[in-house]
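Take a look at the sequence and the structure below, then work through each task with its solution.

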Amino acid sequence: MDNRVPPRAAGPGPRRRDRHGRGMRGPIAPPQVPLAASRAEAFADLVQDSVERLERRWPQLADIDFLVLEVPRLDGPGQVWNDEAVPLGGIVPAREGRPARVVVYRRPVEIRTKGRDERAALVHEVVVEQVAELLGLTPETVDPRYGEE
């Protein structure tokens with residue numbers, strides 16, 4: 001009697017680790033745990049925390065939109081990158097019924113930081129600097145603790 005197992009035939013699709021067809025049984029972490037949040041969501045939360053911190057002192061910030069974009073983009077065909085640093089944030093002044101906007105660029109901030117605490121501090125600095133520019137004030141006026149953290 002021959003007890004040898006024939007070799008597996010090479011099929012058209014990739015070999016799956018889940019050989020019984022069940023797939024993942026559930027999420028790795030429940031949705032309310034920080035592990036479940038994506039990097040983009042965690043970054044947006046840092047920006048929101050910073051905005052809420054500033055809104056206590058400056059209620060007029062409720063009229064400003066705060067956005068998170070992945071990377072800065074070139075707007076016009078004549079614009080090119082130069083040797084200056086990549087911006088971490090920017091502002092779009094209010095016009096034609098649209099509120100002013102403060103933009104924080106996620107990837108440049110993430111690249112310059114190592115941990116969550118360092119990232120939170122840099123996000124807050126960027127938000128303070130952009131709000132100060134938008135309001136025509138110094139960053140120290142917008143947040144007296146600017147530069148101390």
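**Exercise 1.** What percentage of the 149 residues in the chain is buried?

*Solution.* Keep in mind that this is a predicted model. Start with the cut-off: a residue is buried if its relative accessible area is under 20%. Buried residues come to 24% of the 149 residues in the chain. For the surface, the accessible area of the chain is about 11400 Å², and carbon and sulfur atoms hold 52% of that.

**Exercise 2.** Describe the order of helices and strands.

*Solution.* Begin by counting: the chain has four helices and three strands. Next, follow the sequence, which gives the pattern α-β-β-β-α-α-α. Finally, turn to contacts with a separation of 6 or more: 61% of them join residues 24 or more positions apart.

**Exercise 3.** Is Glu55 buried, partly exposed or exposed?

*Solution.* First locate the residue: Glu55 belongs to helix H1, which covers residues 39–55. Glu55 has 28% relative accessibility, so it counts as partly exposed. Setting aside neighbours within four places in sequence, Glu55 contacts Leu61 and Ala62.

**Exercise 4.** Which residues form a negative surface patch?

*Solution.* The patch is made up of Glu41, Asp45, Asp49 and Glu52. Now pick out one member, Asp45, which sits in helix H1. Its relative accessibility is 44%, and therefore Asp45 counts as partly exposed.

Notes:
Residues are numbered from 1 along each chain as its sequence is written. This is a predicted model: local features need pLDDT of at least 70, side-chain atom pairs count only at pLDDT 80 or more; totals for chains, interfaces and linings use all residues. Side-chain values use heavy atoms; hydrogens and water are left out. Helices (H or I, at least four residues) and strands (E, at least two) are DSSP runs, numbered from the N terminus. Buried means under 20% relative accessible area, exposed over 50%, partly exposed in between (1.4 Å probe, protein chains only). Contact means heavy atoms within 4.5 Å. Patches are made of residues with over 30% relative accessible area and no salt bridge: like charges are joined within 9 Å, nonpolar side chains (Val, Leu, Ile, Met, Phe, Trp, Tyr) within 5 Å. Accessible areas come from the Shrake-Rupley method with a 1.4 Å probe; for residues, only the protein chains shown count as cover. A salt bridge is a side-chain nitrogen of Lys or Arg within 4 Å of a carboxyl oxygen of Asp or Glu. Lys and Arg count as positive and Asp and Glu as negative; His and the chain ends are not counted. The place of a charge is taken as NZ of Lys, CZ of Arg, CG of Asp or CD of Glu.
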